[in-house]
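Student: Can we go through this structure together? I'd like to start with the pockets and then look at the rings.

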Amino acid sequence: MTKTIKRRDALKLALGGGVTTALQACGSRLSHEAHIITETAPRFEAALPIPPVLEPAHSDELGDYYEIEARESTATIVPGKHTTIWGYNGIFPGPTIKATRGRATHVRFTNRLQTPVVAHLHGGHTPPDSDGWPSDVIFPVGHQASVTSMAMAHMGHSGEIAEAAALKYEHNYTYPNDRRAATLWYHDHAMGATGHNVYMGLAGFYLVEDEDERSLPLPSGRYDIPLMLCARQFNDDGSFRYNPHGHAGAEGDVILVNGVAWPALQVERRRYRFRILNASNATTFTLALSSALPFLQIATDGGLMARPAEVPRISMAMAERVEVLIDFSAYAKGDSVFLRNTEKHGPLGDIMRFDITGPAVSDYGELPDHLSVIEALTPEAAVRTRTFTFGPRSELKFHYPPIYWAINGKRFDPDHAQANPRLGDVEIWRFVYEKSPWKQTHPPHIHLVNFQILDRNGQAPYPHERGWKDTLRLDSGGDVRVIMRFDGYRGRYLMHCHNLEHEDYDMMMRFDVV
Ligand SMILES: [Cu+2]
């Protein structure tokens, strides 16, 4: 047994098996295979909820200070049923944090669940101590010191012991917000439990704004809408049915939008901005409008693209974001248009419906051809290329699912960095999908940096990924090169697969910026 596994199990053991208990509870329900929501839920009747924007507890010259509690609560997702969720401030999605470039955000996370949590700002340019290292957990309020000795007994490394000994029940994360405007999100990142924690609801939007973006005639206020898409399954009592399929990945049989199945949104006949996030554990989407009209895409993971792009379909691996404009003045009053997922037929093929109302409005300015200046990183600037293969590892030849998931054949080792880029260096990282019987998408995600995709299998990147990125889609047979500069902070960071069950089962790698 490797140290990594010991450490992951130690965290579970240390908390009286909170995670294990939850998993067993799910397992005990496997006999109830009914997926009631696909049979009974009315479609396109629930109004699309918009997550509330969180107000800072206070502000001073050093930034804005927020308080967030991870806690259990209930939500109505299936009509007539209550679903137990784990929510930031008790809601799913969590409250939206709005930040301004150049002004720091300080978030104090408190844990009122029964299992350890870690918060990570996905897409953030964040110092290492605020980046949410998987074993740098926040313990549940009320857990006692005996937990510490138990955790110490299982953790073999002095650094890890120091972390466990600190046994904190809250953590103050600081986000400098020194990078351009973008749609980020915060979510759980606890060692070995991220998949379950996120499935239960620990995810929220984090929107960075800046002057460059404000100077553009983009829809704002109630015309600027975040859409968190995620696939979920339910037990017949309305509870989430977390089935990680071993550790192949927890999927779903309905796509929730901002925590509701098949919502509808009444829209005016004007332009809207949608910030779309695939917050699924293990489900990819390809988005299209039922009218076949294209999206006008304006942003990728890392903010505005150089120019808007007309794209009829947008593929989204887990954790990717796109921002699109949809001009509903192209439709007649009374029309409806559906947002579809063309990767699936049936319940997973429908996402939401837009109902067009009112007179056409065109009191917004024309969108310029150029949205933003993006520094082009060219291969000549790179000091080296590193190659990372993504694939399963099994001691048994035909074991399904694989025993664990590996990067370059290795499982996650928190004690050893597999790459040591120097601060300021530009590097090319090549991601290669290892041939295997399992064709699941692996979306590589690199913490700290924004990258640009140089090529996919020797071809140009997809039109919808030509901008700053932090996560990319790596499908079977894929061979993708990205380029980035490691700037801002030295220290330990992660690169991992954003199939959360793959991540929990070791498709994760430490790199140190030195
Ligand atoms: Cu993967």
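Tutor: What follows is a short chat about pockets, aromatic pairs and charges over rings. Keep in mind that this is a predicted model.

Student: Okay, what is the volume of the largest pocket?

Tutor: The largest pocket holds about 410 Å³ of space.

Student: Which residues lie nearest its centre?

Tutor: R179, R180, E375, N450 and W468 lie nearest the centre of the largest pocket. The whole lining has 22 residues.

Student: New topic. How many aromatic pairs are there?

Tutor: The count comes to 26 aromatic pairs. Take F274 and F328: their ring centres are 6.4 Å apart and their planes are at 85 degrees, so this pair is edge-to-face.

Student: Where do those two sit in the chain?

Tutor: F274 is in strand β14, and F328 is in the loop between β19 (321-327) and β20 (336-341). The pair therefore ties together parts that are 54 residues apart in sequence.

Student: Are they buried or exposed?

Tutor: Both F274 and F328 are buried. F274 also pairs with F354: the centres are 5.2 Å apart and the planes are at 45 degrees, so that pair is tilted.

Student: Where is F354?

Tutor: F354 lies in strand β21 (residues 350-360), so its pair with F274 ties together parts that are 80 residues apart in sequence.

Student: Why does F354 count as buried?

Tutor: Because its relative accessible area is 1%, and buried means under 20%.

Student: Which rings link into a cluster?

Tutor: Ring pairs link F388, F390, W429, F431, F486, Y493 and F511 into a cluster.

Student: Last one. Which ring does the charged end of R232 sit over?

Tutor: The ring of Y199, at 4.3 Å from its centre. R232 also lies over the face of F240, 5.7 Å from the ring centre.

Terms used: Residues numbered from 1 in each chain as written. Predicted model: local features only at pLDDT ≥ 70, side-chain atom pairs only at ≥ 80, totals over all residues. Heavy atoms only, no water. 1 Å grid on protein atoms, 1.4 Å probe; cavity = no way out; pocket = protein on both sides within 12 Å on 5 of 7 lines; lining within 4 Å. Points joined across faces, edges and corners; volume = space filled by probe spheres on them. Phe/Tyr/Trp six-rings, centres within 6.5 Å; stacked < 30°, edge-to-face > 60°. Helix = DSSP H or I, 4+ residues; strand = E, 2+ residues; numbered from the N terminus. Buried < 20%, exposed > 50% of the residue type's maximum accessible area, 1.4 Å probe, protein only. Lys NZ or Arg CZ within 6 Å of the ring centre and 35° of its normal.
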